[in-house]
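Here is a quick walk through one model, helix by helix and then over to the ligand. Have the sequence and the 3D view open as you read.

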Amino acid sequence: MYAITIPDPGGPEALVWAEVPDPEPGEGEVLVDVVASAVNRADLLQRQGFYDPPPGAPPYPGLECSGRISALGPGVSGWSVGDEVCALLSGGGYAHRVAVPAGQLLPVPRGVDLVEAAALPEVAATVWSNVFMIAHLRPGETLLVHGGASGIGTMAVQLAKAVGARVAVTASGQQKLERCRELGADVLINYREQDFVEELRTATDGTGADVILDIVGAKYLSRNVDALAVNGRLAIIGLQGGTKAELDLGKLLGKRAAVMATSLRGRPLDEKAAIIAAVREHVWPLIESGRVRPIVDRTLPMREAAQAHRVVEASEHVGKVVLVV
Ligand SMILES: NC(=O)c1ccc[n+]([C@@H]2O[C@H](COP(=O)([O-])OP(=O)(O)OC[C@H]3O[C@@H](n4cnc5c(N)ncnc54)[C@H](OP(=O)(O)O)[C@@H]3O)[C@@H](O)[C@H]2O)c1
């Protein structure tokens, strides 16, 4: 089969479409003939040599895919050859075929086509696990989403609105903020021109955000804690603004607030399976009812993955960039 390989990590040109050995489905795995995959920001780091796949994962990039099951490994039940699926992966989505633990498979939601379905698993699993399973966002609470127009952000806005929360977003410009408004965002903050702490305080009558989904990390840590409400929960999932910062524990203590940080890719199989089961139970019905949808900025042929990486690197997109085999 062919896959996007990274013989020499670096810029987008480091991605090379090359012939590689076919994967074999192991115990508890199925083989998926990939129809589409989608670009995640983490793929850019992997391409640059800064984010190695966890042990046992395929070496090729691609944290999600959609396609058809072409073989079942030993011990798999509940899935059949020919089923149309999408899947959360630890890698290997940028390829003709990938072996997937059965616990990470999802049926393609009714009303979503097979290509669009590739844009769903990573953002649905990340947002559901962090915002709802860990930070317990409740109806009527306020969620601040940094990078509201990102792949993650567009899913977070829709899911939070669907469960009856109020949503504030940050983005770099008016066009992206308008897209967030179309998805349901209530408070729009241009982080280049406005102070998100002040804007959020004004929008919440001084209360602040009950939950913050953060992708910036160190650079925003102190201001994120300032922006939290009493009993607030800060979920850090990205470190685009660095890894090391000082935290005033007095501020946290005074607010009885919590800071948490997680990474989906390195979680054990059973934790990923539990998240996927929760996504199927809670997120899939919202997608099938049309209240939440995949936001696909554009699709490109998989062999043009380098161009897709350039788009994402320049942050030209809103939602997801999808790669079609
Ligand atoms: N921990 C996990 O399990 C996990 C899983 C998936 C994703 N992630 C992380 O989540 C983040 C988003 O991933 P993605 O694939 O959705 O990426 P993406 O679509 O490329 O989006 C990146 C976003 O970051 C925003 N951004 C950059 N600097 C910002 C700032 N100072 N303030 C607010 N927003 C800022 C950009 O917005 P503008 O263009 O408006 O600047 C852009 O929309 C990445 O950091 C990724 O590593 C973590």
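Which residues of helix H5 (residues 174-183) are buried? They are Lys 176, Leu 177, Cys 180 and Leu 183, where buried means under 20% relative accessible area, exposed over 50% and partly exposed in between (1.4 Å probe, protein chains only). These residues span an arc of only 110° around the axis, so they sit on the same side of H5; the arc is taken from the directions from the helix axis to the C-beta atoms. Over on the other side of H5, Gln 175 and Glu 182 are exposed.

Before going further, a word on what you're looking at. This is a predicted model, in which local features need pLDDT of at least 70 and side-chain atom pairs count only at pLDDT 80 or more, while totals for chains, interfaces and linings use all residues. Residues are numbered from 1 along each chain as its sequence is written, and side-chain values use heavy atoms, with hydrogens and water left out. Helices (H or I, at least four residues) and strands (E, at least two) are DSSP runs, numbered from the N terminus.

Back to H5: its buried residues are covered by parts including helix H4 (151-162), E9 and E10, with contact meaning heavy atoms within 4.5 Å. Just after H5, Gly 184 has a positive phi of about 120°.

Strand E10 holds Asn 190, which counts as buried at 6% relative accessibility. Asn 190 touches Ala 171, Ser 172, Gly 173 and Leu 177, leaving aside residues up to four places away in sequence. Its side chain also reaches the backbone nitrogen of Arg 192 at 2.9 Å.

Now for H6. Phe 196, Val 197 and Leu 200 are buried there. They cover an arc of only 100° around the axis, which puts them on the same side of H6. The buried residues of H6 pack against strand E8 (142-146), strand E9 (166-171), strand E10 (187-190), strand E11 (209-214) and H7. At the start of H6, a side-chain oxygen of Asp 195 comes within 2.9 Å of the backbone nitrogen of Val 197. After H6 comes Asp 205, with a positive phi near 50°.

On to the rings. The whole structure has 3 aromatic pairs. One of them is Trp 128 with Phe 132, stacked at 4.3 Å centre to centre and 15° between the planes. Rings of Phe, Tyr and Trp (its six-membered ring) pair if their centres lie within 6.5 Å; planes under 30 degrees apart count as stacked, over 60 as edge-to-face and the rest as tilted. Trp 128 and Phe 132 are both in helix H3 (residues 121-134), 4 residues apart, about one turn of the helix. Why is the pair of Phe 196 and Tyr 220 tilted? Because the ring centres are 4.9 Å apart and the planes meet at 50°. Phe 196 lies in helix H6 (residues 196-203) and Tyr 220 in helix H7 (residues 218-227), so this pair ties together parts 24 residues apart in sequence.

Finally, the ligand. It is surrounded by 25 residues, the closest being Arg 41, Ser 172, Lys 176, Tyr 191 and Leu 264; near means a heavy atom within 4 Å. The table lists some polar contacts, which are pairs of N or O atoms within 3.5 Å; within protein, one must be able to donate a hydrogen and the other to accept it, and residues adjacent in sequence count only if both atoms are side-chain atoms.

| Residue and part | Ligand atom and distance |
|---|---|
| Ser 172, side chain | oxygen, 2.7 Å |
| Ile 237, backbone | nitrogen, 2.9 Å |
| His 317, side chain | oxygen, 2.7 Å |
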